[in-house]
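Please have a look at the sequence and the model first.

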Amino acid sequence: MTEQTPQQLIEELDTLLDAERAALVSGNLQELEPLLAKKEAIITTLNMTADLEREALEHVQGKVSRNQVLLDSAMEGIRAVAARMAELRRVRKGLDVYDQSGRKTRFATGGTPNLEKRA
């Protein structure tokens with residue numbers, strides 16, 4: 001990276017944050033990794049800058065907060081999908097039921113599962 005002024009770094013960070021938001025909103029999570037590396041490099045450089053004005057960072061701070069909310073929502077969605085997939089795998093293995101005395105019995109599901117598609 002060539003020597004950039006703090007304002008140029010902030011503008012580059014601003015552009016990266018917009019790209020990060022676009023990737024989060026569109027669901028292209030694979031695009032986040034290269035953006036994260038660039039973002040970390042810029043933030044590290046900005047942290048080492050002594051003559052940085054707080055007011056200059058307020059705009060990008062808002063974008064960082066907004067993107068964090070989007071990222072948290074994406075992670076929550078991924079966790080929900082993972083939990084649903086785990087539940088489907090558990091159900092595919094068999095069904096647990098309890099008899100009148102409270103004993104647990106497992107009914108195994110045999111064969112390959114069929115998926116019925118309806119219009």
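Thr49 sits in the loop between H2 and H3, where helices (H or I, at least four residues) are DSSP runs numbered from the N terminus. This is a predicted model, in which local features need pLDDT of at least 70, side-chain atom pairs count only at pLDDT 80 or more, and totals for chains, interfaces and linings use all residues. Residues are numbered from 1 along each chain as its sequence is written, and side-chain values use heavy atoms, leaving out hydrogens and water.

**Around Thr49**
- A polar atom of the Thr49 side chain lies 2.9 Å from the backbone oxygen of Thr45.
- From Thr49 to Pro6 the C-alpha distance is 7.4 Å, although the two are 43 residues apart in sequence.

**Largest pocket**
- A pocket is an open set of points on a 1 Å grid over the protein atoms alone, where a 1.4 Å probe fits, with protein on both sides within 12 Å along at least five of seven lines; lining residues have an atom within 4 Å of a point.
- The largest pocket holds about 230 Å³ of space, a volume being the space filled by probe spheres set on the points.
- Helix H3 (54-93) and helix H2 (32-47) each supply at least two lining residues, and H3 gives the most, with six.
- Among the lining residues are Leu13, Ile43, Arg54 and Val64.

**Second largest pocket**
- About 160 Å³ of space lies in the second largest pocket.
- Its lining draws at least two residues from each of helix H1 (6-26), H2 and H3.
- Leu17, Glu33, Lys39 and Val64 are among its lining residues.

How values were computed. A polar contact is a pair of N or O atoms within 3.5 Å; within protein, one must be able to donate a hydrogen and the other to accept it, and residues adjacent in sequence count only if both atoms are side-chain atoms.
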